[in-house]
Amino acid sequence: MNQRSTPPQGTTMFDTDSALRAIDIYLEAWNEPDSDERARLLAKVMADDGGYSDPSKQVGDRAGIVEYIGEVLSAYPGARIVRTSDVDMHHQFGRFTWRLVRSDGTSLQDSVDFVEFTEDGRIHRMTGFFGLQKPDDAP
């Protein structure tokens with residue numbers, strides 16, 4: 001659902017379409033084997049000091065993310081990252097699910113990323129969790 005109402009004073013609200021475009025370009029960078037092209041793609045949608053964190057790595061700037069993506073691509077030759085959900089947004093925050101599909105068509109489990117945008121709509125921080133959260137058995 002697109003966010004169209006006026007945000008409270010002092011906050012920024014992004015529409016889902018803009019967030020989706022930024023996230024899809026970000027994911028395109030994750031599928032790009034050429035580091036210069038990855039850097040170009042990320043420069044379009046991510047702040048210079050944009051951060052990234054997942055259970056295996058924490059990176060504090062866009063250049064480090066370009067390098068980390070290269071490491072992941074080397075570990076999974078021919079694999080692709082695909083978004084598997086809509087982008088859910090409120091204020092400058094969003095979430096979406098994705099999965100890594102190997103070159104033979106098999107895939108890892110769906111995972112979730114949480115994104116924080118800058119006031120001008122670029123990605124400031126991406127935080128990923130591998131796998132989806134399991135339901136609690138508590139009543």
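Me: Where does pLDDT stay under 50 in this one?
Reply: Over residues 1-12. This is a predicted model. For that stretch it has 19 contacts beyond four places in sequence.

Me: What should I do with coordinates where pLDDT is low?
Reply: Where pLDDT is low, the predicted coordinates should not be read in detail.

Me: And what is the mean pLDDT of the chain?
Reply: The mean is 88. Of the chain's residues, 88% reach 70 or more.

Me: OK, the core. Which residues touch the most other members in the largest nonpolar one?
Reply: Tyr-26, Trp-30, Tyr-52, Phe-117 and Ile-123. That core has 30 residues.

Me: Which elements give two or more residues to this core?
Reply: On the helix side, α1 (16-30), α2 (35-45) and α3 (62-75). The strands are β1 (46-54), β5, β6 and β7 (123-129).

Me: Which of them gives the most?
Reply: α1, with seven residues.

Me: Back to Trp-30. What does it touch, not counting residues up to four places away in sequence?
Reply: Trp-30 touches Tyr-52, Tyr-68, Ile-69, Val-72, Leu-73 and Ile-81. Tyr-52 is also on the list of core residues that touch the most other members.

Me: Switching to charges. How many salt bridges in the whole structure?
Reply: A search finds seven. One of them joins Arg-99 and Asp-110, with the closest N and O atoms 2.6 Å apart.

Me: Where do Arg-99 and Asp-110 lie?
Reply: Arg-99 is in strand β5 (residues 93-101). Asp-110 is in the loop between β5 and β6 (111-117).

Me: Is Asp-110 buried or exposed?
Reply: Asp-110 is buried, because its relative accessible area is 19% and the cut-off for buried is under 20%. Arg-99 is partly exposed, at 29%.

Me: What does Arg-95 pair with?
Reply: The Arg-95 side chain meets that of Asp-88 in a salt bridge, 2.8 Å from N to O. Arg-95 is partly exposed at 44% relative accessibility. Asp-88 is partly exposed too, with a relative accessible area of 39%.

Me: And which residue does Asp-120 bridge to?
Reply: Arg-122. The closest N and O atoms of that pair are 3.1 Å apart.

Me: Why does Asp-120 count as exposed?
Reply: Its relative accessibility is 53%, and exposed means over 50%. Arg-122 comes in at 29%, so Arg-122 counts as partly exposed.

Conventions
Residues are numbered from 1 along each chain as its sequence is written. This is a predicted model: local features need pLDDT of at least 70, side-chain atom pairs count only at pLDDT 80 or more; totals for chains, interfaces and linings use all residues. Side-chain values use heavy atoms; hydrogens and water are left out. A salt bridge is a side-chain nitrogen of Lys or Arg within 4 Å of a carboxyl oxygen of Asp or Glu. Buried means under 20% relative accessible area, exposed over 50%, partly exposed in between (1.4 Å probe, protein chains only). Helices (H or I, at least four residues) and strands (E, at least two) are DSSP runs, numbered from the N terminus. pLDDT is the predictor's confidence in each residue, from 0 to 100. Contact means heavy atoms within 4.5 Å. A nonpolar core is a set of buried Ala, Val, Leu, Ile, Met, Phe, Trp, Tyr and Cys residues joined through side-chain atoms within 4.5 Å.
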